[in-house]
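I then picked one residue and checked its surroundings.

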Amino acid sequence: MHELSVTRLIQAPPHKVWAVMTQRTNEWWCPKPWRAEVDFGARKAGAMSMATMYGPDGEVNKHPGFILAWEEGRRFAFTDAIVGDLEPSGPFMIGIFQIDPEGDGTRYTGRARHWTPESMAHHRELGFEQGWGAVADQLKALCEES
């Protein structure tokens with residue numbers, strides 16, 4: 001498997017982390033100073049999603065996706081390999097965002113699975129660790145707010 005991942009132990013219960021992940025997504029989805037507008041659609045497997053990211057210099061990047069899994073309170077997964085009415089798209093990855101209870105807190109893991117070692121290496125070169133790490137830190141900070 002060609003997977004990159006980040007993980008954080010969040011000092012908050014799983015129900016709170018899940019609520020932040022799914023109800024305050026725009027606040028953590030992309031590294032600042034960028035901002036995001038994320039629409040999960042029907043919040044179920046088979047639904048279309050759209051993430052639009054806005055850069056500090058006026059950049060706008062739209063990322064249509066297809067929800068592969070939505071397990072309430074545990075994880076959701078999407079891919080960019082399917083768009084529109086089940087139309088194939090040049091796949092880049094499957095993104096998986098998962099939480100699990102750990103001690104008094106919650107283990108968050110973000111995974112990016114790729115079709116080839118080359119696409120995984122490209123994602124790493126684009127700054128996966130820094131970008132997804134910043135996103136994980138933003139999620140952790142939101143969840144640990146009092």
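I count two strands as paired if DSSP finds at least two bridges between them. The model is predicted.

Entry 1, a strand pair. I looked up β2 and strand β3 (residues 48-54). They pair in the antiparallel sense over five bridges. I noted one of the partners: V38 bridges to A51 in β3.

Entry 2, the sheet. I traced the order as β1-β9-β8-β5-β4-β3-β2. These seven strands form an open sheet with antiparallel pairing. Which strands stand at the edges? I found β1 (2-10) and β2 (35-39) there. Each has a single partner strand, so one side of each lacks a neighbour in the sheet.

I found helix α1 (residues 14-23) lying across β1, β4 (60-71), β5 (75-79), β8 (94-102) and β9. α1 runs at about 155° to β8. Helix α2 (residues 117-125) packs on the sheet too, where it touches β1 and β9. The direction of α2 makes about 45° with that of β1.

I placed A112 in strand β9 (residues 105-114). Is A112 buried or exposed? A112 counts as buried because its relative accessibility is 0%, and the cut-off for buried is under 20%. Leaving out residues up to four places away in sequence, I listed the contacts of A112 as H2, E3, L4, M93, I94, H123, F128 and W132. I also checked A112 against V6. They are 106 residues apart along the chain, yet their C-alpha atoms are separated by 9.1 Å.

Conventions
Residues numbered from 1 in each chain as written. Predicted model: local features only at pLDDT ≥ 70, side-chain atom pairs only at ≥ 80, totals over all residues. Heavy atoms only, no water. Helix = DSSP H or I, 4+ residues; strand = E, 2+ residues; numbered from the N terminus. Buried < 20%, exposed > 50% of the residue type's maximum accessible area, 1.4 Å probe, protein only. Contact = heavy atoms within 4.5 Å. Axes fitted to C-alpha atoms, helices over the stretch in contact; angles between N-to-C directions.
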